[in-house]
Amino acid sequence: MAISLFVGNIVQAATNSGGGVGDLSTCWANVEVDNVRYDPVTQRTYSCHWYEILNYLDRKLLFTYEFTHGVREVLRRNNRGEVIQERFVGQSQTFLVITVNANDSLDQCGGQGISMSGRRPGQYEIKAYTAV
């Protein structure tokens, strides 16, 4: 899942969920990205990431959890407002390998962000996602 916005704007949470197939048909995952924002006081961008895994198998489930928060400066847009030139500013990323016990569930949240201190005023996009 991915979210983008101009720094300074607040967007609604983006969520996604799905179930496994075949041998994993009794497993479910939910992911969410929310609170994507820029804080002018701390001069940092932020995004909050959350996942939930429901394991109804009679064995442990091993999965990879990833969340990423990236910022790009918008340099040019076309006449339809689409970004046609941008510059990479920075990225924060986390990868975790996690085990969910048999017939159990697990949820976890975390935050990402980067410093925008010293950046020139302008339009920036935050692209954040959470994946399992």
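Strand β2 gives the most to the lining of the largest pocket, with three residues. The model is predicted, so that local features require pLDDT of at least 70 and side-chain atom pairs count only at pLDDT 80 or more, while totals for chains, interfaces and linings use all residues. Residues are numbered from 1 along each chain as its sequence is written, and side-chain values use heavy atoms, with hydrogens and water left out.

**The largest pocket**

The volume of the largest pocket is about 180 Å³. A pocket here is an open set of points on a 1 Å grid over the protein atoms alone, where a 1.4 Å probe fits, with protein on both sides within 12 Å along at least five of seven lines; lining residues have an atom within 4 Å of a point. The volume is the space filled by probe spheres set on the points, which are joined across faces, edges and corners. Strands β1, β2 and β4 each supply at least two lining residues; strands are DSSP runs of E with at least two residues, numbered from the N terminus. The lining includes Gly 18, Gly 19, Cys 27, Trp 28, Ala 29, Ile 53, Leu 61 and Phe 63. By class, eight of the lining residues are nonpolar, three are polar and none is charged. In this scheme Ala, Val, Leu, Ile, Met, Phe, Trp, Tyr, Cys and Pro are nonpolar, Asp, Glu, Lys and Arg are charged, and the others, Gly among them, are polar.

Four strands form an open antiparallel sheet in the order β1-β2-β3-β6. Its edge strands, each pairing on one side only, are β1 (14–19) and β6 (104–112). Within this sheet, β2 (residues 27–39) and β3 (residues 44–55) pair in the antiparallel sense over eleven bridges; two strands count as paired if DSSP finds at least two bridges between them. Ala 29 stands opposite Ile 53 in β3, and both residues also line the largest pocket.

Another open antiparallel sheet has three strands in the order β5-β4-β7. Here the edge strands are β5 (83–100) and β7 (123–131), each of which pairs on one side only. Strand β4 (residues 61–77) is joined to β5 by 16 bridges, and the two run antiparallel. Glu 66 has Phe 95 in β5 as its bridge partner, and for Phe 67 the partner in β5 is Thr 94. The hairpin of β4 and β5 has five residues between the strands, and Gly 81 in the turn has a positive phi of about 85°.

**Aromatic pairs**

Rings of Phe, Tyr and Trp (its six-membered ring) pair if their centres lie within 6.5 Å; planes under 30 degrees apart are stacked, over 60 edge-to-face, and the rest tilted. The count by this rule is three aromatic pairs. Two of them are tabulated here.

| Pair | Geometry | Centre to centre | Angle between planes |
|---|---|---|---|
| Tyr 51 and Phe 63 | edge-to-face | 5.4 Å | 75° |
| Tyr 51 and Tyr 65 | tilted | 4.2 Å | 55° |

Tyr 51 lies in strand β3 and Phe 63 in strand β4, so their pair ties together parts that are twelve residues apart in sequence. Tyr 51 and Phe 63 are both buried, as is Tyr 65, where buried means under 20% relative accessible area (1.4 Å probe, protein chains only). Ring pairs link Tyr 51, Phe 63, Tyr 65 and Phe 67 into a cluster.

Terms used: Buried < 20%, exposed > 50% of the residue type's maximum accessible area, 1.4 Å probe, protein only.
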